[in-house]
Amino acid sequence: MTVRLEPEHLVLQARDVRFDWADVPLHWIPGDPVATHLINVLHMLLPAGEEWFVRVFKEALPRIRDERLREDVLGFIGQEAVHASSHDGVLDHFQEQGLDVRPFLRQVEFVFEDLLGDRGATGDRARAWLVERISIIAAIEHFTGVLGDWILNADALDAAGADPTMLDLLRWHGAEEVEHRHVAHDLFMHLDGSYAARLRAMAQTITMLTLLWSRGHRFLMARDPLLNGRVRGGLHHLRRTGPAGLTPDRRMVGASIVRYLKRSYSPLGEGSTSQALAYLAASPAARAARR
Amino acid sequence: MIPPDLYGRRRRDPFWVAVSALFGARQRVRYLRPPAVREIRPVDRTMDLVVLEVRPRADGVVSLRLGAPDGRVLPSWQPGCHLDVLLPAGTRQYSLCGDPADRRAYRIAVRRLHGLSAEMHALCEGDVIRVRGPRNAFPFLRGDRYLFIAGGIGITPILPMVTAAERLRADWRLIYCGRGRDSMPFLDELAGERVRIRTDDEHGVPDCGDLLGDPEPGTAVYCCGPAPMIDGVRAAFGSRADATLHYERFAPAPVADGRPFRIELRRSGRVLEVPADRSALDVIKDELPAVAYSCRQGFCGTCRTRVLEGEVERRSPSDGDDGAMLICVSRAADGRLALDL
């Protein structure tokens, strides 16, 4: 008898995790600051970005006309809020090690608080703008799910001797992203569902993420106190780090975008719930969570 | 406010000046047309199910088989799933304890404890109940070696897990604890050398460390039972790295040493009474169903709400003194609070 065991209909709950950064080196992929900082850009984008998700989703709550979706959204919000504060801890640790990331954080805050803030819209315009921002979050969540699945399977990082605390943060976060990967898309489909809006959102998201990632990497490489600007940053480094398995690979991400653009796209097709839950059961931080 | 550039050269980064101009232009073009707003279609996920069979299973425990009125196939589920049963007096969750392969009936078991469960015990064959679900808060994962620890009615989610483990040909063991055999349901379905029945009558109150023992490397431990039992097993499990522990992360612990207080919702002027045994969030949720919250245990910060008047008794380390409070755990220090809601 075949046994179908992929868990479905999950109840999403935040986990109260803690990390101790004291012993994590600045270049936590030993000897590879380029790959380290390609991933570090995420630490700079995520706190402000995820706090923005939380604000937008809270605003959407009164509009939801589906009890189960409301529960999913509430679980999603709690997980995202804990993600944001956990990455904040990494940023404080950067600061302690002499890597001053505040100028870039100000720019990220500008994106999420000014450009993507409420922009003074009222009435139906406010509602249309809310739905548009949710379409952007759904597109971003496609990438967080894909990256979450990638980090859970990134054996090359273990082989390269990457710091275990940092890997646990990234994999705990990645696993929760896989766990809740359907929520933002479900919310967008419930509130609007227009295919054209999904395409627009994906185009904007790709543009913004590419620019922020590239600028963020150049910034970190220039500001790194151990490098003194000897190596110029930029996304061209992905040509090496992607195939080496130290960062996401452009082809893998590109293929996932093609899947997203199909009308039949379902986030549940990206990544494995079982694998994510298995990691969460074994993750040192998630296990030490008091609740 | 356009931010300065990254390297301290300019007060306004030209890159963001350009992006901001583009955004503004796009918004102005957008505003030439009226906004497109779609009607949101309500989704009703409740199901009416017929009680097909009621069977006594132990002292104070009955099992109910539920099916669709027209006999159609029910939504699929996996071990660990529960149903939300909507009763006039409130909603309660019951673990599905039948066979996931049986797509036309769900089975749940109910121990008579208080009001709601008495309502469930009063059900007869042919009665109709409203349910939502299934939902999974206790997911079961494929593995080679399992240790199941169940206490009393906590056997219900474990039963389908045991069946799945058997079908996976995994190496599994079950320790099933209860006060006495008379009070323990489904003993007739559990037999064989992999099952150990442990009663307080014969062996005294169990020690969680003994129950857990020293699981072999690679064991997945699934535990379901009263909260003290789960806490005990968690403590005994410690930080061992070669096995995993799975348990249902229940709703928040009941309010301890709470005093009743009054909340004024400033935006509507409504005044709500919070009894000693409920949280502010619970009471506010009845009045404002769209209020935002998530963990209900004071750590995620989602429900942080501005306090306009009154002293807060802070009940979580995450609840900083910043003119706001976490309404899921914190309470009024002097009987009254005014909130920005």
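Modeller: pLDDT is the predictor's confidence in each residue, from 0 to 100. This is a predicted model, in which local features need pLDDT of at least 70 and side-chain atom pairs count only at pLDDT 80 or more, while totals for chains, interfaces and linings use all residues. Residues are numbered from 1 along each chain as its sequence is written, and chains are lettered from A in the order in which they are written.

Colleague: What pLDDT does chain B average?

Modeller: Where pLDDT is low, the predicted coordinates should not be read in detail. Chain B averages 92, and 98% of the residues score at least 70. The model's ipTM is 0.92 and its pTM 0.94.

Colleague: How many residues does the contact take from chain A and from chain B?

Modeller: Two residues are in contact if their C-beta atoms, placed from the backbone, lie within 7 Å. Here chain A gives 48 residues and chain B 47. On the chain B side, 27 are nonpolar (Ala, Val, Leu, Ile, Met, Phe, Trp, Tyr, Cys and Pro), 11 polar (the others, Gly among them) and 9 charged (Asp, Glu, Lys and Arg).

Colleague: Which residues does Tyr222(B) touch?

Modeller: Leaving out residues up to four places away in sequence, Tyr222(B) touches Phe140(B), Tyr146(B), Phe148(B), Ile158(B), Met161(B) and His246(B).

Colleague: Is Arg106(A) buried or partly exposed?

Modeller: A residue is buried with 20 or more other C-beta atoms within 10 Å of its own, exposed with 12 or fewer, and partly exposed in between; C-beta atoms are placed from the backbone. Arg106(A) is partly exposed because 16 other C-beta atoms lie within 10 Å. Its C-alpha atom is separated by 12 Å from that of Gly49(A), 57 residues apart along the chain.
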